[in-house]
Amino acid sequence: MIRGLIAAAGLILLWQGFVWLTDVPPFLLPAPGRVAQALVTRWDSLAQNALITGAEMLMGLALGALLGAAMALTLMAWRGARRWLLPLLLISQAVPVFAIAPLLTLWLGFGMGSKVAMTTMIIFFPVATAFYDGLRRTDPGLLDLAQTMGASSAASLWRMRVPAALPALASGLRVAAAVAPIGAIVGEWVGASAGLGYMMLHANGRSQTDVMFAALFVLALMALALWFSVDALLRRAIPWQPDSLFSPESPR
Amino acid sequence: MPAKGTVSVLASPAPGFRIVLPEGLSLGGSPVLGVLDLRVPGGRCTALLGPSGSGKSTLLRLVAGLLARPGAVVAEDGAPVAGRIAYMAQQDLLVPWRDGLGNVVMGAHVRGEAPDLARARALLREVGLAEADSKKRPAQLSGGMRQRVALARTLMEDRPIVLMDEPFSAVDAPTRHRLQGLAARLLTGRTVLLVTHDPLEALRLADRILVLRGTPARPQDYPVPDGAAPRPASDPALLAAQAALLESLAEAGP
């Protein structure tokens, strides 16, 4: 944590030094001080827009995780689904979300709907594939054991495969948390009336580069906060997951 | 030797069963087991030895109902074998998300039944696991402790037929020795089919020893030393028999 702060402080110093040395005009690269000033003076609208973008990210994350997990379970439980849905899953990734963004805006409007849909689409795939992989890779011995114990195939899925696949689902969710901001911001760039992405575009149009940087800073903070809270949540929810990085005995 | 506790005593005598493979058994097109008509006596321990890849585990999986071959396994009392079997594998197969106690009652859990926790605790005590250890997850337990939990889980199922696939091969020799004695005591009266690599284990525990030889494999009887299981490992007759069986197995190997 402290090292991270020191690194960030070093970067800011470098940035400030670069601005001093090159005397670059503020509309190309504003000095850190100017960005901080923008953060303070525009705090009201920054907070307001951040709230909207944050809500889009969270809703998209929840929806995408839910749909992705449901997709993985469907693929696992229903043989026929594999033939029909697996190609669909791949196509959903072959078409870049950026390409569908204008369509989503057209259909769902300039409001939050289209951004939530975009975030959901971006998150759906990593969650579905990670969880599906985990479900498929259950130790065959555990499944044999469940069978000799007289478990139904539904019980085998819910009480063996699903808990055994939770660490894999967690990996998918971590990726999802990291890419969630992309969906929301792309959605706002294509067409929006609010949100940090909209604010950045708006500021860019008026050469308010300092405001752009301020919005970017808030966005980065939000993305970090999202990732770390998802990570902490998952760590608490799956305490049996081996994690050599955080075990007290391992060398750092 | 009668079982000491009350938690692992069988209500009715355990049935024997027959494995009948009139055409042998192939997996994925390649023959694994030859023509077979094998009787596993009720209430006794039958050990199955043989080199790796000789089809020992396949035979066990067949009895466990994990390979769909209808009619291949027939209990001597006429009732189906399915549902009367407990299975213990080489790996402990403890699930990492439940503690020791939770793993012992795993059978009830996957069947959606209410677990008999009092009996599970009694069994854990019987296999020598401390109360505190039964609250730990498998990752926090040693290999020997995990295998004790797996043994308790197998006994918890309370089935007349118990299938064991190299159950103690993953633990160190002294622990294996202790667990063998424990298993022999707690499994008294059940029909046990024990697959093992270890001649000493077979000679200590079994009432009947079968060695699988050839490709595809066929079982042959091997004489068992006198005395009731678990036979003491210090018995010179047992040690001599171990050496002889080892030689015999080495010949059977590839």
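**View 1. The contact between chain A and chain B in a predicted model.** In this predicted model, 16 residues of chain A are in contact with 21 residues of chain B, where contact requires that the C-beta atoms of two residues, placed from the backbone, lie within 7 Å. On the side of chain A that touches chain B, the elements giving two or more residues are helix H7 (140-148) and helix H8 (153-190) of chain A, and H7(A) supplies the largest share, 7 residues. By class, this side of chain A has 10 nonpolar, 4 polar and 2 charged residues; Ala, Val, Leu, Ile, Met, Phe, Trp, Tyr, Cys and Pro count as nonpolar, Asp, Glu, Lys and Arg as charged, and the others, Gly among them, as polar. Helices (H or I, at least four residues) and strands (E, at least two) are DSSP runs numbered from the N terminus. Residues are numbered from 1 along each chain as its sequence is written, while chains are lettered from A and ligands numbered from 1 in the order in which they are written. Because the model is predicted, local features need pLDDT of at least 70 and side-chain atom pairs count only at pLDDT 80 or more, whereas totals for chains, interfaces and linings use all residues.

**View 2. Helix H10 of chain A and its buried residues.** H10(A) has 29 residues and reaches 42 Å from its first C-alpha to its last, close to the 42 Å expected at 1.5 Å a residue, the expected span being 1.5 Å times one less than the number of residues. Its buried residues include A:Asp210, A:Met212, A:Phe213, A:Val218 and A:Leu219, and the buried residues of H10(A) pack against helix H2 (32-41), helix H3 (43-77), H8 and helix H9 (196-205) of chain A. A:Ala223, which lies in H10(A) (residues 209-237), is buried because 20 other C-beta atoms lie within 10 Å; a residue is called buried at 20 or more such atoms within 10 Å of its own C-beta atom, exposed at 12 or fewer, and partly exposed in between, with C-beta atoms placed from the backbone. The C-alpha atoms of A:Ala223 and A:Phe27, although 196 residues apart along the chain, are separated by 25 Å.

View 3. An open sheet of 6 strands has the order S7-S8-S9-S5-S10-S11 in chain B, with mixed pairing; two strands pair if DSSP finds at least two bridges between them. Strand S7 (85-88) and strand S11 (218-222) of chain B stand at the edges with a single partner strand each, so one side of each is left without a neighbour in the sheet. The twist averages 20 degrees from one strand to the next. S7(B) runs parallel to strand S8 (residues 161-165) of chain B and is joined to it by 4 bridges, and the bridge partner of B:Ile85 in S8(B) is B:Ile161. Helix H1 (residues 56-63) of chain B lies across strand S5 (45-49), S8, strand S9 (191-195) and strand S10 (208-213) of chain B, at about 150 degrees to S9(B); axes are lines fitted to C-alpha atoms, for helices over the stretch in contact, and angles run from 0 to 180 degrees between N-to-C directions.

View 4. Strand S1 (residues 17-21) of chain B is joined to S6(B) by 3 bridges, and B:Arg18 stands opposite B:Val74 in S6(B). Strand S2 (residues 25-27) and strand S3 (residues 30-33) of chain B run antiparallel and are joined by 3 bridges, forming a hairpin with 2 residues between them, in whose turn B:Gly28 has a positive phi of about 60 degrees.

View 5. Helix H5 (residues 143-156) of chain B is mostly covered, since 12 of its 14 residues are buried, among them B:Met145, B:Arg148, B:Leu151 and B:Met156. The cover includes S7, helix H2 (100-104), helix H3 (106-111), helix H4 (117-126), S8 and helix H6 (173-186) of chain B. Just after H5(B), B:Asp158 takes a positive phi of about 55 degrees.
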